[in-house]
Amino acid sequence: MHYLLSFFSIFTLLINTNLAAAGTIQINFTEYDSYSIEVAHIDIGDTIEWLPKSKGHNVEFLAGPKMDALPAKSEIDAFHSVVFEVPGIYLYQCTPHGNMGMLGLVVVGNDFHNLEDIKKTQLSRVATSVMNRLVKTAKLN
Ligand SMILES: [Cu+2]
């Protein structure tokens, strides 16, 4: 009986550890044509959920560690959820407001190996300026 209890204790511990390991971050669209979190640092396997708290925005990935397999683009005003399994940096924009600098960065697993590819993304002058600021912020964390 004692062994059986120990087995179940360890089993329960493992399950709880697993649940704690996979996190979820929520990012809102704001009324100021921006994302509430512009630079998100997450672990491999974590989820980001974008909530349409303000009208007229979406999520469109421009660059990532696997350029031929970027996460899906969302509809305007739609809830969006992405699980990030591949480490590296991801750059996304709001399709209508990307030129104005409505951008976001996701850093998965603290991995910056594709930073130079991200920096080569063709953007408007304003958006390039915003991206450079976000990259600086990302490196500080
Ligand atoms: Cu927008």
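## The four-stranded sheet

Let's start with an open sheet of 4 strands, which runs in the order β2-β7-β6-β4 and has mixed pairing. At its edges stand β2 and β4 (60-63); each has a single partner strand, so one side of each is left without a neighbour in the sheet. From one strand to the next, the twist averages 30°. Keep in mind as you look around that this is a predicted model.

Zoom in on one pair: β2 and β7 run parallel and are joined by 4 bridges. Within that pairing, V39 has L105 of β7 as its bridge partner. If "parallel" is a new word here, strands of a sheet pair through backbone hydrogen bonds, and they do so either parallel or antiparallel.

## The chain as a whole

Now step back. The chain holds 3 helices and 7 strands. Of the chain's 141 residues, 27% count as buried. Take the contacts between residues at least 6 apart in sequence: 58% of them join residues at least 24 apart.

## The three-stranded sheet

There is also an open sheet of 3 strands, in the order β1-β3-β5, again with mixed pairing. The edge strands here are β1 (24-28) and β5 (80-83), each pairing on one side only. In this sheet the twist averages 15° from one strand to the next.

β1 pairs with β3 (residues 47-51) in the parallel sense, over 5 bridges. One of the residues to look for is I25, whose bridge partner in β3 is I48.

## Helix α3 and its two sides

Helix α3 covers residues 125-140, so to speak a run of 16 residues. From first C-alpha to last it reaches 23 Å, close to the 22 Å expected at 1.5 Å a residue. Which residues of α3 are buried? They are A127, V130, M131, L134 and A138. These residues cover an arc of only 100° around the axis, which puts them on the same side of α3. The general idea is handy here: an α-helix has 3.6 residues a turn, so residues three or four places apart point the same way.

What do the buried residues of α3 pack against? They pack against β2 (39-42), β6 (88-93) and β7 (103-108). The direction of α3 makes about 30° with that of β7.

## The nonpolar core

The largest nonpolar core has 27 residues. Inside it, the residues with the most contacts are Y90, L91, L103, L105, V106 and L134. The elements giving two or more residues to this core are β2, β3, β6, β7 and α3.

Pick out Y90 to see some of these contacts. Leaving aside residues up to four places away in sequence, Y90 touches F61, A63, G64, L105 and V106.

## A loop residue to check: I37

Finally, find I37 in the loop between β1 and β2. Why does I37 count as partly exposed? The reason is its 16 C-beta neighbours inside 10 Å, because a residue needs 20 or more to be buried and 12 or fewer to be exposed.

Not counting residues up to four places away in sequence, I37 touches I25 and I27. I37 and L105 are 68 residues apart along the chain, yet their C-alpha atoms are separated by 8.8 Å.

Conventions
Residues are numbered from 1 along each chain as its sequence is written. This is a predicted model: local features need pLDDT of at least 70, side-chain atom pairs count only at pLDDT 80 or more; totals for chains, interfaces and linings use all residues. The expected span of a helix is 1.5 Å times one less than its number of residues. The arc is that of the directions from the helix axis to the C-beta atoms. Two residues are in contact if their C-beta atoms, placed from the backbone, lie within 7 Å. Two strands pair if DSSP finds at least two bridges between them. Axes are lines fitted to C-alpha atoms, for helices over the stretch in contact, and angles run from 0 to 180 degrees between N-to-C directions. A nonpolar core is a set of buried Ala, Val, Leu, Ile, Met, Phe, Trp, Tyr and Cys residues joined through C-beta atoms within 7 Å.
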